[in-house]
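Here is a short report for a reader new to this structure. Look over the sequence and the model first.

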Amino acid sequence: MARGKVVLMVVVCLAVAAAAASAASGGGHSRGRPGKSARLQLVPAAPGASMAERARDDRRRHEYISARLAASRRRRRAEETSSVSSAGAVAASAFAMPLSSGAYTGTGQYFVRFRVGTPAQPFVLIADTGSDLTWVKCRGAASPSHATATASPAAAPSPAVAPPRVFRPGDSKTWSPIPCSSETCKSTIPFSLANCSSSTAACSYDYRYNDNSAARGVVGTDSATVALSGGRGGGGGGDRKAKLQGVVLGCTTAHAGQGFEASDGVLSLGYSNISFASRAASRFGGRFSYCLVDHLAPRNATSYLTFGAGPDTASSSAPAPGSRTPLLLDARVRPFYAVAVDSVSVDGVALDIPAEVWDVGSNGGTIIDSGTSLTVLATPAYKAVVAALSEQLAGLPRVAMDPFDYCYNWTARGDGGGDLAVPKLAVQFAGSARLEPPAKSYVIDAAPGVKCIGVQEGAWPGVSVIGNILQQEHLWEFDLNNRWLRFRQTSCTQ
């Protein structure tokens, strides 16, 4: 989520309308035609955001994740969501959206450009695998009676993000509010509470954040416009367009909190039958992928959020050995994406970490989260990892830098001033998949001349989180139909 805005969510009323995804075309596009693709560009990360601030934000987000998972376990459902896995007969076409980093705005998130409504209105949203509701700042809809618009100081203009914009549902021919009296508003989504002033009142929501910020509004459905490209998922798609109908959309009419000034809202990539990821993936091959450029990459570096088969995923139906691990779409961790960790090693030596730390059934487990910057490890894993890494960095002078526990004066490295070899960290997943991130993803630049061990301690029992810095320079594909997570190292730039 936005900087410092880790959600402790109380949803007053949410709903979902089960509308079939359909495509409308321009430039001669035909639905179901193979070999088409479209991409959402990811805005790249870059220096400018304080790493210490990111660490504090991540701790607040981890509190939200822990609270959400605890609630999920209490209400555990016996059935699995069927709307995501029912896309076996969809076309093999795809679309992708440019994805970029919010580092220049002082956040550790990645932004994506998104068009919603008829005619389409453009927005810049946070790409968040931990969210199940897509929402945009909004004006002109009936808002909940308790919601009063809160003026927040405008953020400084940033080249990475367009000026603040608002969605005007009255200008969209396809906007349709969902009644709060509907069964979907009352019972489809956990945490939803029906509180209708009248039978025709719109379904409302109230997202509460642990720093007293909030996002409030009404929920409905609308269409999302995506640009298709041709030639095996590559670029050059011209003006071909497709529309996804019935996308569940929150219209935020009141919000408080500075973090929301950096974006126009949130694009939900979580595993949920109301999320944009589930809706788009069901239309485009049952999968989505993203590639996050180095968080210190130049400001103009971009990557993509892709639904369907993009240029980097065209051959992923037959992945190389060791490149995939089961994706745990478990009701106990929904809407987050969980994976099974077998072990963590440093310089080839497996660390002594209790197996229950990685076990969802033992109140542990591991999730892949685009909304967390630094990796958060439950206490037993954290202590083992930092002990192994710090032992081999002991020759460097320690530097105090809150909230990190292990920081070093990197200008005093090694005998004779030579480069100090950083211990090799590796994460072994179930299914023989092995993540070997570059050293810069876990011994990170925290300040000029200072590097820190870039993992944080999380509560135990509790979930561990693989954050977006550890994910950087890897392509991550979430195959929802077949329940696989595939990944491989790449520069993420085209």
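## The annotated site

This is a predicted model. UniProt, in an unreviewed entry, places the feature "active site" at D128 and D369. These residues span 242 residues in sequence, yet no two of their C-alpha atoms are more than 7.5 Å apart, so they gather at one spot.

## D128

D128 sits in strand β4, which covers residues 121-128. Is D128 buried or exposed? Its relative accessibility is 0%, and buried means under 20%, so D128 counts as buried.

One of its polar atoms lies 2.9 Å from the backbone nitrogen of G130.

## D369

D369 is placed in a loop. That loop runs between β17 (366-368) and β18 (375-378). D369 has 0% relative accessibility, so it too counts as buried.

What does the side chain of D369 reach? It reaches the backbone nitrogen of G371, at 3.2 Å.

## Strand β13 and its partners

Strand β13 covers residues 324-328. Three bridges join β13 to strand β27 (residues 484-489), and the two run antiparallel. In this pairing, P326 stands opposite W484 of β27.

Strand β14 (residues 337-339) is also joined to β13, by two bridges. This pair runs antiparallel. Here L328 stands opposite A338 of β14.

In a regular strand, side chains alternate between the two faces of the sheet.

Definitions and conventions
Residues are numbered from 1 along each chain as its sequence is written. This is a predicted model: local features need pLDDT of at least 70, side-chain atom pairs count only at pLDDT 80 or more; totals for chains, interfaces and linings use all residues. Side-chain values use heavy atoms; hydrogens and water are left out. UniProt positions are given in the numbering used here, feature names are shortened, and annotations may be inferred rather than shown by experiment. Helices (H or I, at least four residues) and strands (E, at least two) are DSSP runs, numbered from the N terminus. Buried means under 20% relative accessible area, exposed over 50%, partly exposed in between (1.4 Å probe, protein chains only). A polar contact is a pair of N or O atoms within 3.5 Å; within protein, one must be able to donate a hydrogen and the other to accept it, and residues adjacent in sequence count only if both atoms are side-chain atoms. Two strands pair if DSSP finds at least two bridges between them.
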